[in-house]
Amino acid sequence: MPVVTGMMNYVYTGCCNCLSRFKPRYKRLVDNIYPTSPDDGLVRSNMEKLTYYAVSHNEKLNRIGKYLAHRLNRDIYRQQTNYVKISMMAVDELLLACHSQGLNLFVKSLLTMIDKLLEANNPEYQLLATNSFVKFANIEEDAPSYDRNYDFLISQFSAMCYSDDDDSETKKKIRVAGLKGLRGIVKKTVSDDLQYNIWEKQNMDKIIPSFLFNMQEGFGSQESPRHDQGEERAEVLAETCLRNLMGSAAYNNIHAVLRPVLKHLDLHTLWVPNDFAVKVFKVVMYSMQSQYLYVVPHFLLLHLDGNSLTTDIKQSIVQILKETVAIAAESAVGSSVLEIFNSLLRHLRTSVDMRLSDGKGYIGQTRAVSNYNEKGEIEFEEAIIGTMGAFASILPDYQKIEIMMFIMGKVPLPNSISSALPSSGEEGGVLLLNMLLKSLLEVGKKYRTVSMVTTFPASFLQPLLSVSIVEDPGVRLIVQEILHTLMDRHSNRDRFSCNRNIPRDISELGLKVEKPSRQDILFIRRSGQELIWHLYRSVQCPDNAKENYIGVYTTLGLLSVELGSEEMLIDLFKVALAFQEYACSGDHQLAVKHRCAIHALVARYLNLLGQLTAEPALCQHIASVIEARQESYPQLLPPVNLDDGNTSSRQSLPDTLPGQMLFQKESLMEVLSSSGHDVSRLATPLREELNVQERPGVNKADINSVHLEIESTNPSPLATRKLPMEEITFASFKSQLSRTMVDNHTGPSLDEDRVRRQKLREKFQNSTLEQLAVEADQRNKKLHETMQSILDSVVKSPVSPAGSPLRPDPTSPFQFKSVPTYEMKFPELTVY
């Protein structure tokens, strides 16, 4: 029996050897690369033969690939790992050696083999498949293939990125392999839009979370990666892959990356704390193309709009926005800047609504908020204001002015504060006003004033000053701080804002004073009176705090050193005396401590003006009043103190103060007049109301449209009375044009026009085509003759300078020979 079995094996082996001779040559070459013992590895000599055959016979590449895939599938089933490795080594060498047109067909077999290895769920096979795919991804193909599909590979590589193998080293290798596989897919598909679309939602929803998961796993690690080992650390490789992906994203593909990022941060609650989220968005921002940077803040704002988020998450998103806008501001131009600020202001107002409704819901909306936190809302508002300041700090100055005017346009004016919020009343309007002015102040801190005319256009200054006299002292103080920030060009603000005693010599303050420019003088003439009037009204408010009086003094001091022209000097003395007169009058119910504060403000400010003018007599008068007050009424001198516990403030003042305790207008006028100043305006009292032209929101064209002409009772025969000139405005042009049109279409001209149109209509209805053609031909002929005569007059002059007069008959007049211009002969000096 054993003999028979041996004979049968011998016969079978012989038959198989004989049958192998009938295999195609490519199969025999493929079979020969496999050794008898799997441990021997690839038969190198036979591999060279297979490579030479594949290069020489490109049409066989497809069949070779299919046969290798067949052998691989069989070896995987039999768990012949070494044979599997040999198959992949052979495929890799053939892939690197062949660059023919038939390579696309061979790649199909390669991708099929990679799919089989990834399906085996064997870490060794997965690493082998990944290495082969990475080698394939690094090959630049001559002809793109539009029929490849990487859906399965994306799913498998993404799953590898979340590997939780028990062995930490194996887990690390599998995750790195998955990231390398995804990077290979991105590299292979991102360069050609006609190939596989890697930017589709189902693909990005797998790729982006894989990157972020590995970045998060290594976030906070104290280990610093070596440069040569960056590819072997999953968190470093994931960050590199995300950078490469964002660097390749065009404008219409950015949303495909940002939406999975936001979704991942939401699902894994990574907004609070926001360290990891800040890192992710910085990676995204620094990797994008610079012209698309403004898109990221826009998406963050949309995410803030469209989600019901807790206050701490909203605050975290705004802080991230603060980090991103600093990067995007250099490329954010035009409407994108105002769009960001508009969205931030909208969220600011929504937060104010939430605080006013005690967390019951948004005013005017039906949805309720269960996780209301008032402290969190306040921090959220502060974060929004800080974000505006961070954004404005990167923008150029002209855009900062636009932003300040844009914010000022959102500020409710005093007559509309109570209607600023439908359900909140006056309290809501004041709170909203407070937040908007804080935003304006934050932007103003980033602005550097050069010219007052540019910084304070009328459309910005007038609403700002109108808010400076509202009933809330906190709002008035913020307005004063805005004026200080924008007026202070030489860093003098801190020298005025402290509440201190009157210095004997202002040189101790170290003030920087420069002569006002021509533009500053124009600003004074345009807006000086309005500015002073609002300061006067602000001092009259009975609920002023100590900071309000110091703020008014700081504004006056900055006006003196920044805009201290001769015209402005008299007005400043005038307003100071008006303050004193108001504090002394008994027409108001002003508390004693407030009257003392006003007197102290006047004393300190007149001491500053006197030393700035450097007039000895003026300084002597002011010093004498100050010394008299120190002896009898020290409460009339700074520092200002409005505390009820202050004994000096509670001392009663007489209804009429002695003359030596007050600054006398006559003495000041005499001293200023002797020094050459025009004091005529100082004699007139400060008016209680603004002129109509100076009121904010009033159109000057409407005012000047009515002129009242009053004849003098005793006209001078030598002087001609000048009529007031009419101001030319757009409205006047429009009205004049409308009157002209009405005049042109009334009376007989309208009937003539109607008759002419009727005749033209009847002519086209009753005339034949031939008649119309003849008439048109006559018009064309007449036009042609006219044009010909014009051209002849240009080309041939009737009296040519080069022509000579001819008179064959003495009785006949001269006849000039016409010579064309191009035949004229000019002297050489005129030709060059």
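Patches are built from residues with over 30% relative accessible area and no salt bridge, joining like charges within 9 Å and nonpolar side chains (Val, Leu, Ile, Met, Phe, Trp, Tyr) within 5 Å. Areas come from the Shrake-Rupley method with a 1.4 Å probe, and for residues only the protein chains shown count as cover. A salt bridge, in turn, needs a side-chain nitrogen of Lys or Arg within 4 Å of a carboxyl oxygen of Asp or Glu. The model is predicted, so local features need pLDDT of at least 70 and side-chain atom pairs pLDDT 80 or more, while totals for chains, interfaces and linings use all residues. Residues are numbered from 1 along each chain as its sequence is written, and side-chain values use heavy atoms, without hydrogens and water.

Leu783, Met787 and Ile790 make a nonpolar surface patch of about 290 Å². Ile790 sits in helix H35 (residues 769-795); helices here are DSSP runs (H or I, at least four residues), numbered from the N terminus. With 43% relative accessibility, Ile790 counts as partly exposed, a label lying between buried (under 20%) and exposed (over 50%), with a 1.4 Å probe and protein chains only.

As for salt bridges, the count comes to 22. One of them joins glutamate 217 and arginine 175 at 3.9 Å, N to O. This pair links distant parts of the chain, helix H10 (residues 201-217) and helix H9 (residues 168-189), 42 residues apart. Arginine 175 is buried at 11% relative accessible area, whereas glutamate 217 is partly exposed at 48%. Arginine 233 and glutamate 235 also pair up, with their closest N and O atoms 2.2 Å apart, and both are buried.

How values were computed:
Helix = DSSP H or I, 4+ residues; strand = E, 2+ residues; numbered from the N terminus.
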